Amino acid sequence: MGFGSALFLFGFLPLTVLLFHLLPGVRARQVLLVLASLVFYAFGRLWDLPILLASVALHYGAGRLLLRLERRRRAVVAVTVALDLALLLSCKYLDFLAGALGQLLGVSLAVPALPLPLGVSFFTFQGISYVVDAYRDRSQAGRRLFPVLQYLTFFPNLVSGPLVSFRQVQPMLARLERPGSVETAAALRRFAVGLGKKLLLVGALQTLTDGLFGLDAAALDLRTAWLGAVSYTLQLYLDFSGYSDMAVGLGRLFGVALPENFRYPYRAGSITDFWRRWHISLSGWFRDYLYIPLGGSRRGYGRTLRNKAVVFLATGLWHGANWTFLIWGLWHGLFSLLETRRDGSRRRPRWYGHLYTLLVVVLGFAVFRADTLAQGFGMMGAMFTGFAWREASTLALIQYGTNRAWTALALGLLVSVNPFAGWWQRRAGRPGYVAASYGAALVLLALCIVAVAAGSFQPFLYQQF
């Protein structure tokens, strides 16, 4: 049951919001949201629900031990994290690692891949943050099961984030204050923006992207290679930022302020800046629970480079078991390391930083999207050497380069960089502009309803990670 499905929009969400406002007492609202979250997750894949509940039990139990023990507390954290990583390893990487080892040994070591539980990367990382924070500060551990259950199952961010810590949301989950009419309207407006990104733009871009990435390497030329890479770059951002917009809006409907997860990353002036704007909650997680524990930048230049390399390697591996993800993470890590070495006293024009960053990002996503490294490198090669127009590319442009696709590309680019952001911030509080924004949101919702009726909804890309 995705956020853009008819069942969610016309059944689950209205009923949950209505009951949330009708039920008396905080406890009743808390129980409602837990039950609603479990139903939401079960509709995604019922057989994954025991895994989610086992994760809740594991992390709650570890937190209770950390509250009681004076010694061996570090062992509790180590065992819990090891179990978390074992779950991720068995579901996401076991077949990949067996295949890689088999290639080295020259034998077949294929292992049947286990089904990937819905949202496992997100609720597992939140569980790890809960246990590590409880180890660092006992006050961050829940003494009762229910608050931990609330935290790890809250449906707006359960499947694809944003990642949040227990201390960020627990006070709000404890109160669950009903938002007023102004807050509710603002939450629905934010939800509509995300829904519009997903239903009106991503689908058209996905058709274009899939068609161009489906071409053989020999059929690619400069046009189709660049168009495919740019299309996917926009598609991925609009898909994931659209989900995050909806998650933030849904959280506010229930009195929970989830953090922002994107801040116009395609306007970044460096790769370092890009990662301060892209998937902010994941970047923050790796900073707090991997980079800083490794020593961060406190132990000399060489250790800083090593720690950054480890973080970007882990970022690539987090996305799944494919060499393309690994190379993508190392690609970003390489440029982040080069920026660490760069002499900051050398002044460069602002356009240079933006252009360089976009080039690195687009090339990286060309590999990220590819099914194999050979396909990814073939796409990158055609982006710089494919000057001879290929007939197959011309036919693909005719087939996939529809008016809808070109419109989605133009609008996607406009939404992604939003050159009017500063202008809007200066006027956002004026009554006329507020009214216009709500009017635009209503139009957007109407268009989305038409899209839902046409059956155009597709699962979010980041659900596969």
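This briefing describes a patch of surface charge, a helix beside it, and a set of salt bridges. The structure is a predicted model, and it holds 13 salt bridges. On its surface, Arg298, Arg299, Arg303 and Arg306 gather in a patch of positive charge.

**The positive patch**

- The patch of positive charge on the surface is made up of Arg298, Arg299, Arg303 and Arg306, and one of these residues, Arg299, is placed in the loop between α11 (280-294) and α12 (301-318).
- Arg299 has a relative accessible area of 49%, and because buried means under 20% and exposed means over 50%, Arg299 counts as partly exposed.

**Helix α12 and what follows**

- Helix α12 has 18 residues, which at 1.5 Å a residue should span 26 Å, and this agrees with its end C-alpha atoms, which are 26 Å apart.
- The buried residues of α12 are Thr304, Leu305, Asn307, Lys308, Val311, Phe312, Ala314, Thr315, Gly316 and Trp318.
- An α-helix has 3.6 residues a turn, so residues three or four places apart point the same way.
- Just after α12 comes Gly320, which takes a positive phi of about 145 degrees.

**Salt bridges between a buried and a partly exposed residue**

- Asp48 and Arg45 meet through their side chains in a salt bridge, with a distance of 2.7 Å from N to O; Asp48 is buried, at a relative accessible area of 2%, whereas Arg45 counts as partly exposed at 24% relative accessibility.
- Asp221 and Arg223 also meet through their side chains in a salt bridge, here with a distance of 2.8 Å from N to O; Asp221 counts as buried at 0% relative accessibility, whereas Arg223, at 22% relative accessibility, counts as partly exposed.

**A salt bridge within a helix, and a network**

- Arg277 forms a salt bridge with Asp273, and the closest N and O atoms of this pair are 3.2 Å apart.
- Arg277 and Asp273 are separated by about one helical turn, because they lie four residues apart in helix α10 (residues 271-277).
- Both Arg277 and Asp273 are buried.

Conventions. Residues numbered from 1 in each chain as written. Predicted model: local features only at pLDDT ≥ 70, side-chain atom pairs only at ≥ 80, totals over all residues. Heavy atoms only, no water. Patch = residues over 30% accessible without salt bridge, like charges linked within 9 Å, V, L, I, M, F, W, Y side chains within 5 Å. Areas by Shrake-Rupley, 256 points an atom, 1.4 Å probe, with all protein chains shown as cover. Salt bridge = Lys/Arg side-chain N within 4 Å of Asp/Glu carboxyl O. Lys, Arg positive; Asp, Glu negative; His and termini not counted. Charge placed at Lys NZ, Arg CZ, Asp CG, Glu CD. Helix = DSSP H or I, 4+ residues; strand = E, 2+ residues; numbered from the N terminus. Buried < 20%, exposed > 50% of the residue type's maximum accessible area, 1.4 Å probe, protein only. Expected span 1.5 Å × (residues − 1).
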